[in-house]
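Reader: I am new to this structure. Can you walk me through it in short steps?

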Amino acid sequence: TADALQGLLLFFAFGLGFIIGPAVGGILAKWTVHTTLAGMTIDIPEGHMPFYFVGLLCILNAIMVHTSLPESLTEGRRSQAHTEQPLSELRNHSDGPVFATVAMSYFVCLAAFSIMTAVFSLFGQMRFRLDAAHIGYIMAALGVIGVVMQGGVLRRILPVFGEVKLARTGFVLLLVSFILLPLVGGMGSLL
């Protein structure tokens, strides 16, 4: 169906971003720029180019959104009063303790993963003397693993084991991985 195709394309786009983004960042981290343009000296030291590239992508994205996406609401719907509910109403629309447990577990897991990706570059640099390019390649490899797991493996085992069992197993595996990561002694065991 069209909805399934759109979902697949969205998944594919996110997957490509998780693979290509770190790889491009790793490559650009080795670039330096020292030039003069219109009498102005431009000096971008090694390691800074990914930030400029991301800024450029954000500007291009904003331009594309502004020029290419049509307004989804008609003039009449835009003028109607908004019906947003206060955040306190969330309790009335959730199933109590189960919702709170799932939301908190998801928050803690996502926070831990986000912290790990931010700190991993420091860990790789200090423990294994990795430069930004190699850390980018490792992150790209993690992106490939994530796409394969979400797109191939999880889709097949979800009907067999169910969401709750897989979520619990995933949390335990992630916890064990985070505990073992600082104990890694060589590149072979890291990968």
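This is a predicted model: local features need pLDDT of at least 70, side-chain atom pairs count only at pLDDT 80 or more; totals for chains, interfaces and linings use all residues.

Reader: How are the ring planes of F123 and F128 arranged?

Author: The ring centres of F123 and F128 lie 5.8 Å apart. Their planes stand at 85 degrees, and planes over 60 degrees apart count as edge-to-face. So the pair F123 and F128 is edge-to-face.

Reader: What kind of pair do F120 and F123 form?

Author: F120 and F123 both sit in helix α4, three residues apart, about one turn of the helix. Their ring centres are 6.2 Å apart, with planes at 45 degrees. That angle falls between the limits of 30 and 60 degrees, so the pair is tilted.

Reader: Which residues do ring pairs link into a cluster?

Author: The structure holds two aromatic pairs. Ring pairs join these residues into a cluster: F120, F123 and F128.

Reader: At what angle do helix α4 and helix α6 cross?

Author: Helix α4 spans residues 97-128, and helix α6 spans residues 163-180. Their axes come within 12 Å. The crossing is left-handed. The angle is roughly 30 degrees.

Reader: How many charged residues are in the contact of α4 with α6?

Author: From α4, the contact uses S105, Y106, C109, A112, F113 and M116. From α6, it uses F171, L174 and F178. By class, eight are nonpolar and one is polar, while the number of charged residues is none.

Reader: What share of the protein chain is buried?

Author: The chain has seven helices and two strands. It holds 191 residues, and the buried share is 13%.

Technical notes:
Residues are numbered from 1 along each chain as its sequence is written. Side-chain values use heavy atoms; hydrogens and water are left out. Axes are lines fitted to C-alpha atoms, for helices over the stretch in contact, and angles run from 0 to 180 degrees between N-to-C directions. Helices (H or I, at least four residues) and strands (E, at least two) are DSSP runs, numbered from the N terminus. A crossing is left-handed if the near helix is turned anticlockwise from the far one by less than a right angle, and right-handed if clockwise. Contact means heavy atoms within 4.5 Å. Ala, Val, Leu, Ile, Met, Phe, Trp, Tyr, Cys and Pro count as nonpolar, Asp, Glu, Lys and Arg as charged, and the others, Gly among them, as polar. Buried means under 20% relative accessible area, exposed over 50%, partly exposed in between (1.4 Å probe, protein chains only). Rings of Phe, Tyr and Trp (its six-membered ring) pair if their centres lie within 6.5 Å; planes under 30 degrees apart count as stacked, over 60 as edge-to-face and the rest as tilted.
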